[in-house]
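Please read these notes with the model open beside you. They take one chain, its partner and one residue in turn.

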Amino acid sequence: MSNADIPVDHEAETRPDLFQHALLLIAVCVIALAGNTVATDATVMQGLVGLIILYLIAMAGLVLTRLVPINLPSVAWISLIGIVVTLPWTPGSGWLLERVAHVNFLTLATPCLAYAGIAIARREIEIARASGWKIFIVAVLVMTGTYVGSAFVAELFL
Amino acid sequence: MENTKDILLDWRLHASVLVITIIAEAIGVIAVPIGIGSILLLPLLYAFVMGLAINPNVMRKAGAWLGQREVKAASPLIVIAIMPFIAKFGTIIGPSMEQIIAAGPALILQELGNLGTIVLAFPVAVLLLGMGREAIGACFSVAREPNIAIIADKYGLKSPEGAGVMGVYVIGTLFGTFIFAILASLLATAGIFSIEALAMACGIGSGSMMAACSGALAHAVPEMEGQILALAGASNVLTYATGLYLCIFVALPVTEKLYDLLGRKQPAAANTGE
């Protein structure tokens, strides 16, 4: 079989090079800044400073993804850096936290889902049509089962 | 990948996303009360629907504004657009490290709860819906990209197992954020599970599923927002590390065994029954 059939890992794979990433991330942050200004009481300046910090964390993660020979997706590196710079015993973490507090986390996901809606390809719609209602029921049960199962086990050990 | 100039020329794509984001955030969160709780409609859900509405593959008329070129260009942007979100999540996890370490055992073991899909979905698929080996691919996991890679590697994507995993993957891509937002808001208001447990369970899927899930939880219980996001984020990071191995060494073999048990009787029963 050909590898072309495997869908691109939209949320864990990195395709563009570092420079392109840097540019596209700026575009994304500008969009997020507009969203943040609409969604929260934060001023444009507060949102901008917070987003610049998040931008730098994301870029540091992208650089590490390329430098470190461990095969981790870039989002894993980005979240690790975000964690390390805000640990209570990291110097300056209080200052950073105050700045990023002005950026609403849920607003940051909004542009991503807009891109996701636009990215749906013809092939994906065909698969959904061809698989029909049975696969829809199964998919709902798969997600429900995974979610409730995880919550159940977590409940037991809390 | 296209070259840098091409990316910048996709201004229609970025302009569309900018407008969609502003509209979605202006609408804000809407709570729809139903019997056992309430469903929270989040801006990210409107954004996805608006994205679909201007996708030329979904709405023919949208072809006048966006073409296949923009659709293709949007794909790598999903992961780039989630990066600031993931960075923000990291900054929520960091300050809560002590709480996360305290919840450590539950956090690690809840990964085993992902096998719940086999318990709930697999019998329905095989016994009620009469699915064949597609059920193995469809039900062994939550069908995100790493899980597809496992099935592609073992059976090939043209196999029945491959059709199963691709079907659930596509439905998850189309409806996953809605399903997780609805599940989380219903369970948060129903009071069966503790909020901490529900937060940890939010980490199982893709980044956008986690966003919808933890966002719905945080809006249902605003006073616990920090804790919810920290636990969901930590669980998601752990899933990167352990999820793949759980699938390869436990979930898939168990589903195979179950198919031998349930599936063998199934064809005979179906023949006599119909």
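1. Chain A has 6 helices and 0 strands. Its pattern along the sequence is α-α-α-α-α-α. Helices (H or I, at least four residues) and strands (E, at least two) are DSSP runs, numbered from the N terminus.

2. This is a predicted model, where local features need pLDDT of at least 70, side-chain atom pairs count only at pLDDT 80 or more, and totals for chains, interfaces and linings use all residues. Residues are numbered from 1 along each chain as its sequence is written, and chains are lettered from A and ligands numbered from 1 in the order in which they are written.

3. Of the 158 residues in chain A, 49% are buried. Buried means 20 or more other C-beta atoms within 10 Å of a residue's own; exposed means 12 or fewer; partly exposed is in between; C-beta atoms are placed from the backbone.

4. Chain A meets chain B through 99 of its residues, which are in contact with 114 residues of chain B. Contact means C-beta atoms, placed from the backbone, within 7 Å. On this side of chain A, α6(A) gives the most, with 29 residues.

5. By class, that side of chain A has 72 nonpolar, 18 polar and 9 charged residues. Nonpolar covers Ala, Val, Leu, Ile, Met, Phe, Trp, Tyr, Cys and Pro; charged covers Asp, Glu, Lys and Arg; the others, Gly among them, are polar.

6. Where is Ala62(B)? Look in the loop between α3 (43–53) and α4 (68–93) of chain B. Ala62(B) is partly exposed because 19 other C-beta atoms lie within 10 Å. Not counting residues up to four places away in sequence, Ala62(B) touches Ile54(B), Asn55(B) and Pro56(B).

How values were computed
Contact = placed C-beta atoms within 7 Å.
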